[in-house]
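Biologist: Please put the model up. I would like to go through it by question and answer.

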Amino acid sequence: MKLFLIAPKWPEHSLWGQIYFRFPYLALTTLAALTDDDWDISIVDENAESLDFSDLPDLAAISVMTPLAKRAYEIADNFRANGVQVVLGGIHPTMMKDEASIHADAVVMGEAEEIWPQVLSDFKRGKLKPVYSFTDFCSLDGLRFPKRELLNRKAYFFINTIQTTRGCPFDCEFCSVTSFYGRTYRVRSVEEVVREVEHMGGGFVFFVDDNIVGKPAYAKELFRALVPLNVKWFSQASLSIVKDGELLELAQSSGCKGLFIGFESLSQEALRAMGKSANHVEEYKEAIKILHNHGIGIQGSFIFGTDQDNQSVFSDVLRFIEKTHIEAALFSVLTPFPGTRIQEVLSKQNRILHTDWEKYDMNHVVFRPKKMSPKQLQDGFNWAYKNLYGYRSIVKRLFPFTRSGLFYGIQNYGFRQAWKKTLNTNE
Ligand code: SF4
């Protein structure tokens with residue numbers, strides 16, 4: 001029996017469709033690990049290689065995020081027209097079951113661990129159900145190691161992605177983490193994480209947790225256990241990490257070289273409105289200094305388009321990033337993803353412009369902002385990205401160069417190229 005596990009490609013008009021230093025989706029290697037050995041499994045990440053429709057599997061499972069939904073449905077429709085049964089899963093089908101059902105033989109809602117073996121067994125018996133729903137949250141004990149050996153290594157910047165926790169204790173109104181995982185924050189056993197890191201055999205490690213320091217006591221135990229492994233790692237963390245000196249020291253000594261930090265806004269009122277009141281704008285500068293003093297580079301996330309933002313937000317954020325020497329940043333247009341609280345709010349206010357999912361890529365304006373027109377928000381967003389990844393800003397931010405300067409130099413150059421291509425595609 002042949003099984004295809006598929007990640008649809010990002011639209012060309014999206015920054016993510018142009019980035020070359022990509023890493024693989026853990027969802028597919030995790031599904032592969034949950035699949036019995038009698039299946040012949042192929043992982044097809046369309047962002048890394050093309051999908052050959054003349055080679056038909058018995059079953060295709062497609063992992064779907066909102067901006068990839070259109071392409072996922074195209075793939076599903078094509079396969080089904082050729083007699084291949086299709087399963088759709090991931091966050092978008094979980095939130096949009098009825099829509100996904102039109103394109104699938106089965107829709108999987110929720111986490112796959114408990115459901116996937118059942119799906120495969122039902123398929124083999126010819127009894128696939130239209131919907132599989134797992135409303136609980138699975139234990140993270142004894143998870144099988146993702147099957148990274150099925151990946152085309154050459155297609156990725158690095159393949160060592162690993163998860164140690166799931167969920168986030170916070171509940172920001174724009175974020176789909178809580179709508180998918182609830183307000184649970186689950187952790188894996190440190191021994192199991194260590195075994196998996198050892199199994200990966202060195203190199204950079206990216207902990208794809210939504211917030212690796214959500215439970216400081218656990219994070220400390222994990223970081224202590226990582227020290228002897230001598231790895232260099234990156235992850236995502238809340239800014240609260242700087243409040244705990246011991247936690248920060250341990251992060252540094254265990255090999256943390258960079259953190260993705262959600263600053264989101266320079267307006268405290270906007271942070272309060274989006275439910276991110278754990279962030280305090282007046283503490284940002286000092287927090288950044290503390291992280292830098294610990295040799296930890298920062299990839300900052302900023303959102304444009306909140307009800308507090310007017311047209312000055314773009315230059316204010318850019319100036320802040322340059323002044324504080326944040327190594328790299330990701331800008332997002334506020335996006336009302338299905339299942340989020342912001343989607344409910346904007347929908348009630350009749351401010352959502354359309355549901356062309358391809359444009360829900362955080363690079364395009366899909367709602368009516370309060371203090372700008374959609375075009376002003378779009379133009380300001382494009383202006384901010386163009387300037388952030390201009391050579392002047394790159395040099396300003398990365399100077400004086402530190403040891404991790406080379407890594408961030410390459411990353412900035414990659415973003416610069418990707419953004420230029422994105423803009424060309426959108427023109
Ligand atoms: S802190 Fe980050 S991961 Fe947690 S809810 Fe907010 S945006 Fe989502």
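Modeller: Around the ligand stand Cys168, Phe170, Asp171, Cys172, Phe174, Cys175, Thr178, Asp210 and Lys276. A residue counts as near a molecule if one of its heavy atoms lies within 4 Å of it. This is a predicted model: local features need pLDDT of at least 70, side-chain atom pairs count only at pLDDT 80 or more, and totals for chains, interfaces and linings use all residues. Residues are numbered from 1 along each chain as its sequence is written, and side-chain values use heavy atoms, with hydrogens and water left out.

Biologist: How many nonpolar, polar and charged residues does the shell around the ligand have?

Modeller: Ala, Val, Leu, Ile, Met, Phe, Trp, Tyr, Cys and Pro count as nonpolar; Asp, Glu, Lys and Arg as charged; the others, Gly among them, as polar. By that scheme the shell has five nonpolar, one polar and three charged residues.

Biologist: Which parts does the aromatic pair of phenylalanine 53 and phenylalanine 79 tie together?

Modeller: Rings of Phe, Tyr and Trp (its six-membered ring) pair if their centres lie within 6.5 Å; planes under 30 degrees apart count as stacked, over 60 as edge-to-face and the rest as tilted. The whole structure has 29 aromatic pairs. This one is tilted, at 5.3 Å centre to centre and 55° between the planes. Phenylalanine 53 and phenylalanine 79 are 26 residues apart in sequence, so their pair ties together the loop between strand S2 (40-45) and strand S3 (59-63) and helix H2 (residues 69-81).

Biologist: Why is the pair of phenylalanine 234 and phenylalanine 407 called stacked?

Modeller: Phenylalanine 234 lies in strand S11 (residues 232-237) and phenylalanine 407 in helix H16 (residues 405-426), 173 residues apart in sequence. Helices (H or I, at least four residues) and strands (E, at least two) are DSSP runs, numbered from the N terminus. The ring centres are 4.8 Å apart, and the pair is stacked because its planes meet at 20°.

Biologist: What is the distance from arginine 416 to the ring centre of tyrosine 391?

Modeller: A charge sits over a ring if NZ of Lys or CZ of Arg is within 6 Å of the ring centre and within 35 degrees of the ring normal. Arginine 416 lies over the face of tyrosine 391, at 3.7 Å.

Biologist: Which residues does leucine 51 contact beyond its neighbours within four places in sequence?

Modeller: Leucine 51 sits in the loop between S2 and S3. At 11% relative accessibility, leucine 51 counts as buried. Contact means heavy atoms within 4.5 Å. The contacts of leucine 51 are Phe4, Ile6, Val44, Glu46, Ile75 and Phe79.

Biologist: What is the relative accessible area of tyrosine 284?

Modeller: Tyrosine 284 is found in helix H11 (residues 284-293). One aromatic cluster includes Tyr284, Phe263 and Phe320. Tyrosine 284 also has Phe263 and Phe320 among its contacts. It is buried, with a relative accessible area of 0%.

Biologist: What is the phi of asparagine 350?

Modeller: Most residues other than glycine have a negative phi. Asparagine 350 lies in the loop between helix H13 (341-348) and helix H14 (374-388), and is exposed at 58% relative accessibility. Its phi is positive although it is not a glycine, at about 60°.

How values were computed:
Buried < 20%, exposed > 50% of the residue type's maximum accessible area, 1.4 Å probe, protein only.
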